[in-house]
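I opened this notebook to record what I looked up in one structure. The entries follow the order of my searches.

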Amino acid sequence: MDEVMDGAMQAVDGALDNAKSAMDTAIDRIKKEVILQKSKSDSMCQLKTAHNWQEEKEKVEDPDAPTYFWRAHTVTVLLLMICLLVYTALFETPVEDSTYNGKKGFVAAQVH
């Protein structure tokens with residue numbers, strides 16, 4: 001009976017050793033692949049890109065330059081849209097046709 005138990009224990013120990021060996025081999029393969037991919041990534045990082053981001057970071061903004069809102073066309077379009085809104089609200093006769101109003105609202109949304 002002891003011989004059977006010893007044989008079973010040796011079989012279990014052998015299976016555990018095989019599993020441990022397989023796990024160690026898999027971990028070593030993964031580590032090698034990670035090192036390979038990191039070296040590929042590092043070499044890709046040294047390539048030039050289409051845009052010079054370093055220059056973009058170093059660019060100094062002119063504080064006296066007009067902001068987006070104060071550009072000429074932005075203000076012109078804003079004033080034009082306000083005028084159209086006032087005209088529509090005050091001078092156009094109201095229409096109760098839902099199809100007409102829907103089309104008009106759709107066009108207004110597209111212009112916006």
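**Entry 1: a charged pair.** I began with Glu 92 and Lys 104, which form a salt bridge with their closest N and O atoms 2.2 Å apart. Glu 92 sits in the loop between helix 3 and helix 4, while Lys 104 belongs to helix 4, so the pair ties together parts that are twelve residues apart in sequence. I noted that the model is a predicted one. I then asked how many salt bridges the structure holds. The count is one.

Entry 2: Are Glu 92 and Lys 104 buried, exposed or partly exposed? Glu 92 has a relative accessibility of 29% and counts as partly exposed. For Lys 104 I found 30%, and this residue also counts as partly exposed. I kept the cut-offs beside these values, because partly exposed lies between under 20% for buried and over 50% for exposed.

**Entry 3: the chain as a whole.** I next looked up the elements of the chain and found four helices and zero strands. Read from the N terminus, their order is α-α-α-α. The chain has 112 residues, and buried residues make up 0% of them.

**Entry 4: aromatic rings.** How many aromatic pairs does a search of the whole structure find? The search finds one. The pair consists of Tyr 87 and Phe 91, whose ring centres are 6.1 Å apart; their planes stand at 35°, so the pair is tilted. I checked the exposure of both partners. Tyr 87 is partly exposed, at a relative accessible area of 42%, whereas Phe 91 is exposed, at 60%.

**Entry 5: the largest pocket.** My last search concerned empty space. Rolling a probe the size of a water molecule over the atoms shows where such space is left. I recorded a volume of about 370 Å³ for the largest pocket. Ten residues line this pocket, and the closest to its centre are Met 81, Leu 84, Leu 85, Thr 88 and Ala 108. Which helix gives the largest share of the lining? Helix 3 does, with five residues. Helix 3 (72-90) and helix 4 (98-111) each supply at least two residues of the lining. Sorted by class, the lining has seven nonpolar residues, two polar and one charged.

How values were computed:
Residues are numbered from 1 along each chain as its sequence is written. This is a predicted model: local features need pLDDT of at least 70, side-chain atom pairs count only at pLDDT 80 or more; totals for chains, interfaces and linings use all residues. Side-chain values use heavy atoms; hydrogens and water are left out. On a 1 Å grid over the protein atoms alone, a cavity is a set of points where a 1.4 Å probe fits but cannot get out, and a pocket is an open set with protein on both sides within 12 Å along at least five of seven lines; lining residues have an atom within 4 Å of a point. Grid points are joined across faces, edges and corners, and a volume is the space filled by probe spheres set on the points. Ala, Val, Leu, Ile, Met, Phe, Trp, Tyr, Cys and Pro count as nonpolar, Asp, Glu, Lys and Arg as charged, and the others, Gly among them, as polar. Buried means under 20% relative accessible area, exposed over 50%, partly exposed in between (1.4 Å probe, protein chains only). Rings of Phe, Tyr and Trp (its six-membered ring) pair if their centres lie within 6.5 Å; planes under 30 degrees apart count as stacked, over 60 as edge-to-face and the rest as tilted. A salt bridge is a side-chain nitrogen of Lys or Arg within 4 Å of a carboxyl oxygen of Asp or Glu.
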